[in-house]
Amino acid sequence: MKIILATLNAKYIHTSLAIRLLKAYSEHEFQDIHLAEYTIKDPVMNIVSDLFQKKPDVIGFSCYIWNIEETVKVIGILKQVMPEVTVVLGGPEVSYEPLYWMQREAGIDFVVNGDGEETFHHLLQELRDDRKFHFVYGAAYRKGGELIVNPPRPKSDLNTLPSPHRFPDDLPDLGKRIVYFETSRGCPFNCQFCLSSIEVGVRYYDIGRVKADLLYLIENGAKVIKFLDRTFNINRNYAMEMFQFLIDNHQGCVFQFEITADIMRPEVLDFLAEHAPPGIFRFEIGVQSTNDETNELVKRRQNFTKLSRTVMKIKASGNIDQHLDLIAGLPQEDYATFRKTFNDVFAMEPEELQLGFLKMLRGTGLRAQAAKYNYTYMEHAPYEILSSHVMPFSDIIRLKRLEDVLEKYWNSHRLDHSVKYLIRHVFKSPFDFFQEFGDYWEARGWQKIGHQLEDLFTRLHAFLTDRRTPSMPVITGLMKLDYFLGHKYKPRKIWWDITLDKPEWSHYMKEIAEHPERLSAKLAEAGFSERELQKFTVLEVLPFRLEAVLDSISELRFDPAAVAVAEAADKSSTALAEALPAAGGSTLLIVMYQQDESQRAQYYALPL
């Protein structure tokens, strides 16, 4: 019996832990079992053709909200060209309503619910032997024209599951793709919008086994390992031991975790601040909402004061990037309260802020209560909401515009200095900047066309100019700095008119060549000639003192009370924005490329 375990990943760099777990559990008895990974961008006919040529007897698909619709299309065609093949579905998208999927798509023969390893293995045994499917706990199946859902199977003892990380076929691509890893299953919390709330309690793998698998992956070239644990730090001792192990053995690998920030103990934060190597850890923190009423309605326990303290302490260490999540459309979260939520969280200026929209996932408590809050939502995955009792569709699409420019102008880190200046000194709040710019972006029809790097700069400049933003010389200067720093090599073109004429440019280059010690001792040591410097250096004169402006946006800032006062005063700091260029003087901006091991552009600012 030939078995194919397949899935459609969101991107090529992603890998599926689920199908590897199934193979690891069953391959001792079913040797002819193979993995087949595709992406949701692959043409359906290409996937069907590939599976057809493999000539399987059984195909198992791992299903999630991002791939279920494409998976169903694949199954529909597969059953036309291979009517004899047995199709089994598993995964969170089909576990909670198996009858719906079997009624919708006649090509689905079985659905495996919950933990899949033991159930799928038992199902394979019955397919091979007696076909007594009523004994397969945790499975749904067809019996003639009847659909039957068997009782659930008890949860697996995780330490009885073989490792899914030791397949020789995976070794060549370990360094090119993200490795997904779990040290536990389950979640201690009960958030009503999340599938993890359905399983009560947390189960752990033995820590010795976890360490052995991680060391194997690291030593074989893994570059990024993403932990799937819903709350990695729920067990303090387990988390501390793992952090120490990864610090001792990382070999340059990057580790991503989902953590609950408001339960992070001070001693853990102190340990990470002191010992975590820069860039090795990345934390994902779900904030979702700062509205107390909303959190209470969705049974989400959260202390935002403690969460903020954790985020800011991690940020102050400079060692760990943080990705914070928000969800628009939760109960009692209207446009105005979501604006407050956004500003509350953005005040911490996380490295990445993801704005998501509520999805009515099958099996969640909130989907069961959809009528209570007058939710309308997409009929098919991803089940995103269209409106609620307090948020009409018109507000949803406004927030979509905000999300678009948030991704382009904050999460991409293309214009860090420029955007920080705008949200701190020019606009009433971060939300107002992203919303106003998002509205402008769509009004110009830019959402319908692509963009090059320089388009991000010219479009922001057009927006700011059209609204007659104060302090444009300072903002434009910061945008020039960001543009230069966004290149690995000396850029061949710029998006503004050259401000230096040739004699001025030659004069400054000669001064740098003759007095490199004014920039750095390392540059003086290198002893570059003027001609050599010209190959990797760009110059620009800024009509203000750059260091004074950068000082105004450099310090960590988190004070919601001060933000509220500034908003009430209609952004009194606009006066600061207008006053800064008048501080006097100008700056020679010097940017050099490919001059150290980091391969990043280095800049120097000399007062003129």
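Me: Glu258, buried or exposed, or something in between?
Reply: Glu258 is partly exposed, with a relative accessible area of 21%. Buried means under 20% relative accessible area, exposed means over 50%, and partly exposed is what lies in between (1.4 Å probe, protein chains only).

Me: What kind of model is this, and what went into the values?
Reply: This is a predicted model, where local features need pLDDT of at least 70 and side-chain atom pairs count only at pLDDT 80 or more, while totals for chains, interfaces and linings use all residues. Residues are numbered from 1 along each chain as its sequence is written, and side-chain values use heavy atoms, with hydrogens and water left out.

Me: Back to Glu258. Which residue does it form a salt bridge with?
Reply: Arg230, with the closest N and O atoms 3.5 Å apart. A salt bridge here is a side-chain nitrogen of Lys or Arg within 4 Å of a carboxyl oxygen of Asp or Glu.

Me: Helix 8, then. What does Arg236 pair with?
Reply: Glu267, in a salt bridge of 3.0 Å, N to O. That pair links distant parts of the chain: Arg236 is in helix 8 and Glu267 in helix 9 (residues 266–275), 31 residues apart. Arg236 has 30% relative accessibility and Glu267 29%, and each counts as partly exposed.

Me: And Lys54, what is its partner?
Reply: Asp50, with the closest N and O atoms 3.6 Å apart. Both lie in helix 2 (residues 44–54), four residues apart, about one turn of the helix.

Me: How many salt bridges in the structure?
Reply: 41. Asp115, Glu117, Glu182, Arg185 and Arg203 are linked in a network of them.

Me: New topic: Glu349. Buried or exposed?
Reply: Buried, with a relative accessible area of 2%. Glu349 is in the loop between helix 12 (335–346) and strand 15 (352–357).

Me: What does its side chain contact?
Reply: The side chain of Arg424, through a polar contact of 3.0 Å. A polar contact is a pair of N or O atoms within 3.5 Å; within protein, one must be able to donate a hydrogen and the other to accept it, and residues adjacent in sequence count only if both atoms are side-chain atoms.

Terms used. Helices (H or I, at least four residues) and strands (E, at least two) are DSSP runs, numbered from the N terminus.
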